[in-house]
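Reader: I have not seen this structure before. Please take me through its aromatic rings and one of its interfaces.

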4 protein chains.
Amino acid sequence: MKGLKLVIIGGGSSYTPELMEGIIERQSILNTSEVVLVDIAGGKEKLHIIKELTERMVGKCGFDIKISATMDRREALAGADYVITQFRVGGLEARSSDEKIPLRYNTVGQETTGPGGFAKALRTVPVILEIAEEMEELCPDAWLINFTNPSGIVTEAVNTYSSIRCIGLCNVPINMERHLSEQLNVPADRLYCEFAGLNHLSWITKVYVDGVNKTDALFEEALFKENIMKNIPSVNGSREVVNILKLIPSPYLDYYFFEKEMVKEEQESLNNGKGTRADKVKEVEKELFELYKDPALNIKPVQLSERGGSLYSEAALSLIQSIHTNDGRIHVLNVRNNGAISDLTEDSVIETNCIVNKSGAHPVAAGKLPEAVRSLVISVKQYEKYTIQAAVNGDRAAGFKALLNHPLVHGADTAQALLEEIIEANKTYLPNFFRGR
Amino acid sequence: MKGLKLVIIGGGSSYTPELMEGIIERQSILNTSEVVLVDIAGGKEKLHIIKELTERMVGKCGFDIKISATMDRREALAGADYVITQFRVGGLEARSSDEKIPLRYNTVGQETTGPGGFAKALRTVPVILEIAEEMEELCPDAWLINFTNPSGIVTEAVNTYSSIRCIGLCNVPINMERHLSEQLNVPADRLYCEFAGLNHLSWITKVYVDGVNKTDALFEEALFKENIMKNIPSVNGSREVVNILKLIPSPYLDYYFFEKEMVKEEQESLNNGKGTRADKVKEVEKELFELYKDPALNIKPVQLSERGGSLYSEAALSLIQSIHTNDGRIHVLNVRNNGAISDLTEDSVIETNCIVNKSGAHPVAAGKLPEAVRSLVISVKQYEKYTIQAAVNGDRAAGFKALLNHPLVHGADTAQALLEEIIEANKTYLPNFFRGR
Amino acid sequence: MKGLKLVIIGGGSSYTPELMEGIIERQSILNTSEVVLVDIAGGKEKLHIIKELTERMVGKCGFDIKISATMDRREALAGADYVITQFRVGGLEARSSDEKIPLRYNTVGQETTGPGGFAKALRTVPVILEIAEEMEELCPDAWLINFTNPSGIVTEAVNTYSSIRCIGLCNVPINMERHLSEQLNVPADRLYCEFAGLNHLSWITKVYVDGVNKTDALFEEALFKENIMKNIPSVNGSREVVNILKLIPSPYLDYYFFEKEMVKEEQESLNNGKGTRADKVKEVEKELFELYKDPALNIKPVQLSERGGSLYSEAALSLIQSIHTNDGRIHVLNVRNNGAISDLTEDSVIETNCIVNKSGAHPVAAGKLPEAVRSLVISVKQYEKYTIQAAVNGDRAAGFKALLNHPLVHGADTAQALLEEIIEANKTYLPNFFRGR
Amino acid sequence: MKGLKLVIIGGGSSYTPELMEGIIERQSILNTSEVVLVDIAGGKEKLHIIKELTERMVGKCGFDIKISATMDRREALAGADYVITQFRVGGLEARSSDEKIPLRYNTVGQETTGPGGFAKALRTVPVILEIAEEMEELCPDAWLINFTNPSGIVTEAVNTYSSIRCIGLCNVPINMERHLSEQLNVPADRLYCEFAGLNHLSWITKVYVDGVNKTDALFEEALFKENIMKNIPSVNGSREVVNILKLIPSPYLDYYFFEKEMVKEEQESLNNGKGTRADKVKEVEKELFELYKDPALNIKPVQLSERGGSLYSEAALSLIQSIHTNDGRIHVLNVRNNGAISDLTEDSVIETNCIVNKSGAHPVAAGKLPEAVRSLVISVKQYEKYTIQAAVNGDRAAGFKALLNHPLVHGADTAQALLEEIIEANKTYLPNFFRGR
């Protein structure tokens, strides 16, 4: 039987060795025969470094996996079985802009949450739709495993405008579950967590230990938080909120629940010359690529874990494994709602527990959202829908309505000003907004 | 046939002469035989002034309407046909506190919208429920016409906890309609407006002129805004927002759409020693009562129109007329949703077009909320529901969730701090929060 | 000011004098200047008789209303203000077939309810859509007042496929209300009834007398039924059902609640040579037209009331009056749901209380359907939607699903057989089903 | 570790050896240490026969599983891990009555579908609630695996009135899946079917082969039906219906889709002296118990497969295995909807795909019901809800509304007559209906 062909778009990313490690670990199950790393011209050098490192990683294990690197996406996609997208339109420069612009409006400056995520979505949606269109032609039965943020928006865009089967992934849920397992000192296989919400806006709504619903019991003890995600600073007070809501939030909820503190911290970091997260990542990346160049390195270096992508490979490859082997296991994924969350339309992409087999990912019914956070989720989903509309059609009114609906953008005047500044700052990447002008 | 008995709770208010004028104007239709003005001990002097003035007003017209004033609410309620509530728990002092506390958190300081409205609701809900309970005993078939703000929350509280038939009123919709009529230069009887939303959070969603839907056409021309409401400062930019949304908002929407500017203006006013709206109202009131004392005054003085209650009497008395005469006319009211707005639960109180006859107010189906403001309305309704829960049960967790859901409160930390400061500042009026401590 | 132009399609119907009487009675309000009677070639003689009679009726009153008769529908429609449709595709012959075919399957044989109504809808929908299309061209602002049965289905078809403003009418609700008024010995203006359901499948769900909800009280006494509708035989037991359901049903509900008895009665009538209702109507019509020919007759003859269309004119003309005079009165009409009944989609045509003004008919929110009849209404609405689909597209599968969903058709085999026999029997009128064969 | 304690209520049933076989087969996984067979006094002899046979079955395998038989239910329940209910209130005599009464009204005479199922539910619900109440006291953490029909109604009753975790089982879905697997010649593990509906009213709505959606493709070929269920006669025409609906129905749908034919067949069988299904089962049972008595018999005899319970043991024990081993596998079960089917309330019990682990069964989101059968499912669910209400409260009006809503009961008069005859015939088992008379 022919082995799997995996295509990694954004293959020159520093994360690729993590993915490669997962591919190698599962070689007996997945039988991968080819991995194609795709990147753009600007990433040529990094792509080369990654190709060589991953070849050494494969070589060390003695597996027969062909690694290739290309800037010709169409060539790469032809005949693919799985396409993993982890590209970043505009690179870290654009991310830096996404993080800084909002801060000028005393608004959260974050790459996926708030106006920064909006900007990223505007740049990313047109590209993912190009990829999906090429896949329809070149590998119509392949699965698109999307990691590119904002993952929920990107996945909903593909679902809405393409026939390609797309599943949105994020490493946050798997980290939340692991963290809870550690805090409770209960191995993961004795734990069953129900997730509900949107990408970077989800909660563990129920926790079962050995089949017994322990959700209420949990909140009598201090158990949650502290450094779940390396890339998100945590704030004091989280525990209290959690105890009142009786929900375990994604760490990204800090941007909503502790908005002022988060903004202040970001502004201080910027003003103190420490820069934003993008600046830190640039440094980390630089160091990582120095390491990656070392011809003696033939494993994923431990320093990669500083980068923030913990369990990233686990999330992606265990998903591919479930599809490939038809194992029916549960993953927390971004998929079409189909009624799983009653408060959202059927076509909304949500983040929740899904069973996965060869036919894809099927969300488990989650019922109604917890009342205390229901309106927050509805607001953000409305923002997401308008954002997709804005990105696809270059529609300023939709863009305005997107930001107006976002709970972290306060007021129509701010929405208007942010919109204009974001479009201007990203004009190279937003041809849809300048067509026919 | 026995004439009507009207009871005005908060009868010592400076607004009462406005109401009295409406009662007198409609004497041939309503045949009012008795008006009882009720107030608390602290308002005794004002009550006396109002009683004398309104007696002179009646006397001037030669009608046989008995005016009485009392601090014994039960005595007043016995046998009432209509009970109009316009009381203010804590008086203008409390209002001043409601307006100032939020400003310390860079949050809108307004008596009905945002944390100020929350504080007012906490004080008011227990009192309105006491009144409703007394009415169940003393005048179970009487109608409760509520003007006390926040009118939507207060009405929903009565609907939820009492069998008394209660209709919530506000003078904003009638002013919006009149204003539009002037702007379009179309007499009101050739205009049909559809309203949808919540109290102080509603929109004209459709405008018909001579039966033709002119909604889209309206937004091609500049037509809206400037001084609809005397008590709400308007801001630049409103027109642009309106043109994108294609909805005519209540002026209170400025607090959401131009939050920063509104907060800044309020803070500046406070810092410049001009005080808040409550301070201005105190002055106006003082002057009004000076006027009212004049034994020669036997009409509503024109200066009352400065007070901000334009068409207040028209709204109340035309409603009573529709009930009393069974005329089936349309009023914009705060009533149980009953499915009129599909996005809200059946038991939510909404503000929308209603037909009114002897059997009460029946909302006209409004369908789905306009998509661009749907999540805003859902969020505020969630806030309202938690607020009622907090007020009735003295439930701090519900109070926290109320503020957490309010789109003008940013973050859990702010919600928590506001909650504690509001409860502390209002402790005299919030026994439910201190019971059993 | 130019007077109104009314067009009556199916003008040669024996009902027209009834309509004419209403037009004459309201001449001071409506100021009708022209009535155009339209019919097809086969109805030429009747059309002529009606024209002459109505001219005599107008002449008697001395009004300046021009009556014309034509078989050129386009000519008639040009410049119309109101178009009243009361045509019957296939005439009474087709009705007779609609009544007889179902009886062969032990199924209700009725012109609007059950398979007979399905057949009638298949014939009628394409014709009403032709009319609506002509109106879009020739009188786009005119109102289409539809009486042609099945009125709900016909109205939903126009709403779905045309921009013409269409309101569906039926004389059943007004008769139910009058009947209740008599039974309760309470004048209509002291009564307020809430209706909910579909055409020929609706209920009075609430009854207020002098504003007081008397719904429950009503069912303690025997008050309902006996000969509300001349054209529907009533059965024993109705009262008991009504008392359990605490709902006052349209008399057409007898076909659902007493199906076997109704079928038996119809079959016996047919077997005893008495024929179906169509046969009786044919005789009545024959006699009526004999009367109509009398050159001395210049009023609506009393014998018309035997025909079954009681208050038909009142329903139509009072509706036109409300639109024309913008009076905002309540009528029970067939209109787009718009959320008024929560259990049905927004685009479903329902029968319920509406306020009517120049902008049209706006349904009052009715909330959830009574639980005991909810599934019945949902089933019939599903049947209606499939029926429209079948009629418009000549879609046999949709026709099968329509009958399969109808609560009076028992089983897929019966549905299939009925479908084929109905299509065959009506093939002259169903070109959509034979296109491209 | 202590082995499992299984309690089988209705242990004297001829099905028990089937269950026992499953228990034995899974001994290495489940480690059952005790099986308690419970029955009532009237079943004492059968219980004894079963006990001895199952002991021989265990003995043959040499396992250490203690079998006990008792008529003391409380004693049996104490400390149970799983309680399997397969009792039949009133035995086959009552079933015979359930099958015969409806036929007198030309209505389907079936033990679970239609008025027969209604009668069975009235007898069964009070008993299952007694059991659940005892479990709350004696084994509150045990799982109730219910096979007693009508399984959906019985499960919803337990969910509504008890805290016991209850899962409703049926062997139809597993048989449908196996049958499809055979017809398609595709092994079960390459097939993924989505089920939606209610017990004995469900459909396979989607079929995936090797992960590819083949649903539409299936209906181009003849593939479905013929003898899926031994106990349901199949009729001609099924295939055609299936092809139009593009849904694979439970064989019980024949009672809805081919009602007349099914009734005719049942009536003929009865009139020809062949009796009803109950009569056939009585004979089969008699023969089975003769076999069971044979002291040489130590396996489940092949003749049991004639009884109609194919894969009954597989369904029950594989479910217990998933709970016990926390394996997360998919089963088609009767569970609380929780939003999985958008058209039904969250608390409705539905039959659909569920993932099962130690925490229980979680339905996979099924979205909206297929439009063509949506109203049928809604009607039957309404019937089910009224039936539970009738059974629990002895409420005749609810019973009437139940039958009025049932698509197989035609008319209020029939509903009324059936209700009275059913209550009379079952009065021994319906104390709730005669309390306080």
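Reader: Which residue lies over the face of Trp143(A)?

Author: This is a predicted model. A charge counts as over a ring if the NZ of Lys or CZ of Arg is within 6 Å of the ring centre and within 35 degrees of the ring normal. In chain B, the charged end of Arg165(B) is placed over the ring of Trp143(B), 3.9 Å from its centre. Over the face of Trp143(A), at 4.0 Å from the ring centre, lies Arg165(A).

Reader: Are the rings of Tyr252(D) and Tyr255(D) stacked, edge-to-face or tilted?

Author: Planes under 30 degrees apart count as stacked and those over 60 as edge-to-face, with the rest tilted. The ring centres of Tyr252(D) and Tyr255(D) are 6.2 Å apart and their planes stand at 40 degrees, so the pair is tilted.

Reader: Is Tyr252(D) buried or exposed?

Author: Buried means under 20% relative accessible area. Tyr255(D) has 3% relative accessibility and counts as buried. Tyr252(D) has a relative accessible area of 3%, so Tyr252(D) is buried.

Reader: How many salt bridges does the rule find across the interface of chain C and chain D?

Author: The area buried between the two chains is about 2,700 Å², with 54% from carbon and sulfur atoms. Across the interface of chain C and chain D there are 18 residue pairs in polar contact. The number of salt bridges found there is zero.

Reader: Which element gives the most to the side of chain C that touches chain D?

Author: The elements of chain C that give two or more residues to this side include α10 (238-245) and α12 (259-271). With eight residues, the element that gives the most is α15(C).

Technical notes. Residues are numbered from 1 along each chain as its sequence is written. Chains are lettered from A and ligands numbered from 1 in the order in which they are written. This is a predicted model: local features need pLDDT of at least 70, side-chain atom pairs count only at pLDDT 80 or more; totals for chains, interfaces and linings use all residues. Side-chain values use heavy atoms; hydrogens and water are left out. Rings of Phe, Tyr and Trp (its six-membered ring) pair if their centres lie within 6.5 Å; planes under 30 degrees apart count as stacked, over 60 as edge-to-face and the rest as tilted. Buried means under 20% relative accessible area, exposed over 50%, partly exposed in between (1.4 Å probe, protein chains only). Buried area is the accessible area (1.4 Å probe) that two parts lose on being put together, summed over both. A salt bridge is a side-chain nitrogen of Lys or Arg within 4 Å of a carboxyl oxygen of Asp or Glu. A polar contact is a pair of N or O atoms within 3.5 Å; within protein, one must be able to donate a hydrogen and the other to accept it, and residues adjacent in sequence count only if both atoms are side-chain atoms. Helices (H or I, at least four residues) and strands (E, at least two) are DSSP runs, numbered from the N terminus.
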